[in-house]
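Please open the structure in your viewer and keep the selection tool at hand. The tour moves from one selection to the next and says what is there at each stop.

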Amino acid sequence: MSVPVIERLDVQTVLVPINPPHRTASGLVEKSPLVLIDIHCTGGLVGHAIVFTYTPAALKPTADLVLGLQALVVGQALAPRSLNDQLLAKTRLIGHQGLVGTVIAGIDMAAWDALARYKQTSICRMLGGAHSPVMAYAGTGYDGELETARQAEAWVKQGYKGVKAKIGYPTAAEDLAVVRAMRAAVGPDVELMVDYNQSLQPVDAINRLRHLDDEGLVWIEEPVLAHDYANTARIKDAIKTPVQSGENWWGPTDMRHALDADASDFVMPDVMKIGGVTGWLKAVELASAAGKQVSSHLWPELSAQLLALGSSSHRLEYVDWWAEILAEPLTVEAGMTVLKDDLIGSGVTWNTSKVEQYRV
Ligand SMILES: [Mg+2]
C-alpha cells in the first residue's frame, strides 16, 4: 500500500462569533479568528485543521505563512512525524514560537487528520488508544459574582461535574466572593477551578492566593506569566491548592523547561502551541514521566482523542467556541467525552455553509 503524497495546502480565514463573548482578566474575546487548513493529497484525500490566531490582525500573516511553507511539504509522503521534523529543521533560525509554531502545528494536525482518514480510523485508534471517555469541565467568564454563579449552575444542569471561572478581580475579597458564589450555586460535589490568565504580580500572588486556599479548588491556573517558571514554582510551593499551567507553553522544549523548574502541579498543553499532534505526543511523554497529570486547552475534538490515549490524562477543557463551523462537534454526556465508534480522523470536518458565512 503506497503512502499518499501531499499535493497542496489550502487556507481559509474566518471570524467565528463567541456567544456570549468571553471575558477574562486580560480582556474581552468576542470572536475567534481562525485559519482553516486543508492538506490535499493524492487520491482525493484531504485532512483538516484549525489554528487560532487570538487576534484578527494575525489572520492574514498566518494564512500567508501556511502558503509560504507549502513548497517544503508538496511532493512529500504523508508521514506527519517526519514532516514535522523537516519543518522544524527548516525554521530553526527564525524559531518555533509565535506564527511559525502556529503554522507548523496546523500543518501537523492536518497531516495527522489526513493519515487517519486514509486509514479510515480515528487519530486515537491509529496511535493505539481506545475511545476512552475523559472527564470534561466547562468554563465561565470574568463576569462577577452573580453571573459567574448563574453560568456555573447552568453547566452543572447540563451534566458537567466541573466548572472553571476566570478570576483576577481587583481584590482578593472579590475573587473569594466569586468562588463562594459558585460553590453555593453548584453544591459541594462539583469540581471548581479558577484561572487568573497570568494577571497577578509575583510580589503579591502568594498573599492573594492564600485567600482561596481553603475553598477546595482543584487547581489555580496561570497565576503569573506562563513563562515565569521560577515564580510559578515559588507560588506553587507556598500554597496548598495545586497550580495548573501549560496552555501558553510553546513546544516540548517549554514543557521540559517547566518540568525542570517543577513550575506546576498539573500541566495543560494547548495542542497548537505545544506543536500539533507530534508536539503533544512528545511533550506529554515528558510530563507523564515526571508524574504530572495532563489536561487540555481548547481544541476539544482533537484533545478528547489525545487525552483518551494517556494513562496520565486528567481533564478536558470543554469550549464550544468553534462548534458552529464543524459538521460534528464533540459530544459530552453526563460530563464525560464521547468518541463515537465510527469516528474518522481528528473529528474536524467543516460545516461548509457556516465557514462561508464567517469567512473574512
Ligand atoms: Mg487558561
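The stops below begin with the domains and end with single residues.

Before selecting anything, note that this is a predicted model, in which local features need pLDDT of at least 70 and side-chain atom pairs count only at pLDDT 80 or more, while totals for chains, interfaces and linings use all residues. Residues are numbered from 1 along each chain as its sequence is written.

**The two domains**

Select residues 6-123 together with 353-358, and then 130-343: the domain assignment of the protein chain gives these as domain 1 and domain 2, with bounds that come from an automatic or database domain assignment. The centres of domain 1 and domain 2, taken over C-alpha atoms, are separated by 24 Å. Across the boundary, 30 residues of domain 1 are in contact with 26 residues of domain 2, where contact means that the C-beta atoms of two residues, placed from the backbone, lie within 7 Å. On the side of domain 1 that touches domain 2, the elements giving two or more residues are β1, β2, β3, α2, α3 and α12 (352-358), and α3 gives the most, with seven residues. Helices (H or I, at least four residues) and strands (E, at least two) are DSSP runs, numbered from the N terminus.

**The sheet**

Now select β1, β2 and β3, which form an open sheet of three strands in the order β1-β2-β3 with antiparallel pairing; two strands pair if DSSP finds at least two bridges between them. Because β1 (6-24) and β3 (46-52) stand at the edges, each with a single partner strand, one side of each is left without a neighbour in the sheet. From one strand to the next, the twist averages 20°.

Strand β2 (residues 27-41) pairs with β1 over 14 bridges in the antiparallel sense, and a bridge to show is that of V11, whose partner in β2 is I37. β2 also pairs with β3 in the antiparallel sense, over seven bridges, and here H40 has V46 in β3 as its bridge partner. In the hairpin of β2 and β3, with four residues between the strands, G43 takes a positive phi near 80°.

Colour β3 by burial next: six of its seven residues are buried, a residue being buried if 20 or more other C-beta atoms lie within 10 Å of its own, exposed if 12 or fewer, and partly exposed in between, with C-beta atoms placed from the backbone. In β1, look for P20, which is joined to N19 by a cis peptide bond with omega of about -10°.

**The helices against the sheet**

Which residues of helix α2 (residues 80-90) are buried? They include P80, L83, N84 and L87, and because the buried residues fall within an arc of 100° seen down the axis of α2, they line one face of the helix; the arc is that of the directions from the helix axis to the C-beta atoms. On the other side of α2, D85 and A89 are exposed. The cover over the buried residues of α2 includes α1, α3 and α10 (276-289).

**The core**

Select I37, I107 and V163, the residues with the most contacts inside the largest nonpolar core, which has 105 residues; such a core is a set of buried Ala, Val, Leu, Ile, Met, Phe, Trp, Tyr and Cys residues joined through C-beta atoms within 7 Å. Its largest share, eleven residues, comes from α3, and the core draws at least three residues from each of domain 1 and domain 2. Leaving aside neighbours within four places in sequence, V163 is in contact with residues including Y137, W155, M182 and L192.

**Two loop residues**

Finish with Q198, in the loop between β6 (191-195) and α7 (202-210), where phi is near 65°, a positive value in a residue other than glycine. Q198 counts as buried because it has 21 C-beta neighbours inside 10 Å. D262, in the loop between α9 (251-260) and β9 (266-267), has a positive phi near 45°, and with 14 C-beta neighbours inside 10 Å D262 counts as partly exposed.

Key. Axes fitted to C-alpha atoms, helices over the stretch in contact; angles between N-to-C directions.
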